[in-house]
Amino acid sequence: MLEPIHEKGRIIEETSHYQGHIYEDVTQIIETPDHLTVHRDLIKHQPAVAILALTPDHQQVVINREYRVGVNQEVYALPAGLINAGETAEAAAKRELTEETGYVVQELHQMTAIRSSEGMTDEVVTLFWAVIDPAKRQSTNFDKDEFVTANLVPLTDLIDAVQTGVVASAQSVAAVSYFLAFEQNK
């Protein structure tokens, strides 16, 4: 069995190049655990959550359609968002789901946390699955620079979309895969 690794590098120097609302771009000089001295660029990213929101029978799931600058187009992805300062991941998941979709969490289950690209960012996304009541929906509360279209679709359609690459966001693919592998039959 693989055991957790706790050896860290020693940051010798860090230079900030840009500080934004969501991330900071830095260059670090690091002494690695094996005593190499390396220069690395790092994006320090605010932690986030993603939510696989299902109906009580697990037959339907909430999927968002939203513009994403990284690919300069609209994409399908699970509801997701940043964890605010002082907020727990659980509170952020509940808040983000309601803000983006109008659905309210009835049950919330933490699955795992993922890191999308450890070679360039420290971003951590905590993945949850939730149960919603599809008949109970509140008004949404988007950030001033976002517009999200949320729909309930069959879970099988989402699985097919992951398999064919129509849904390609790392956190969405990871959440669906983790749920199917480890959570679905609990």
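Of the contacts in this protein chain with a separation of 6 or more, 57% are between residues 24 or more positions apart. Please keep in mind that this is a predicted model.

The chain has 186 residues, and 36% of them are buried. Its C-alpha atoms fill a box of roughly 55 × 45 × 35 Å along the principal axes. The accessible surface is about 11300 Å², and carbon and sulfur atoms contribute 51% of that.

On secondary structure, I count 3 helices and 10 strands. Reading from the N terminus, the order is β-β-β-β-β-β-β-α-β-β-β-α-α.

Let me start with the sheet made by β1, β2 and β3. These 3 strands form an open sheet in that order, and the pairing is antiparallel. Which strands stand at the edges? They are β1 and β3, the latter covering residues 37-45; each has a single partner strand, so one side of each has no neighbour in the sheet. On average, neighbouring strands here are turned by 25 degrees against each other, with direction ignored.

Within this sheet, β2, residues 23-31, pairs with β3 over 9 bridges in the antiparallel sense.

Y18 belongs to a nonpolar patch on the surface, together with I22 and Y23. The accessible area of the three together is about 280 Å². Is Y18 buried, exposed or partly exposed? Its relative accessible area is 43%, so Y18 counts as partly exposed.

Next, strand β9, which covers residues 125-137. β9 pairs with β4, residues 48-54, in the parallel sense over 7 bridges. One example is L54, whose bridge partner in β9 is V131.

β9 also pairs with β8, residues 103-114, and there the strands run antiparallel, joined by 9 bridges. In that pairing, Q110 has F128 of β9 as its bridge partner. So what does β9 give us? A parallel pairing with β4 and an antiparallel one with β8.

As background on strands, side chains in a regular strand alternate between the two faces of the sheet.

Last, the end of the chain. K186 lies in the segment after α3, the helix at 170-183. K186 is exposed, because its relative accessible area is 75%. How far apart are the C-alpha atoms of K186 and V26? They are separated by 42 Å, and the two residues are 160 residues apart along the chain.

Terms used
Residues numbered from 1 in each chain as written. Predicted model: local features only at pLDDT ≥ 70, side-chain atom pairs only at ≥ 80, totals over all residues. Heavy atoms only, no water. Patch = residues over 30% accessible without salt bridge, like charges linked within 9 Å, V, L, I, M, F, W, Y side chains within 5 Å. Areas by Shrake-Rupley, 256 points an atom, 1.4 Å probe, with all protein chains shown as cover. Salt bridge = Lys/Arg side-chain N within 4 Å of Asp/Glu carboxyl O. Buried < 20%, exposed > 50% of the residue type's maximum accessible area, 1.4 Å probe, protein only. Helix = DSSP H or I, 4+ residues; strand = E, 2+ residues; numbered from the N terminus. Pairing = 2+ DSSP bridges. Axes fitted to C-alpha atoms, helices over the stretch in contact; angles between N-to-C directions. Contact = heavy atoms within 4.5 Å.
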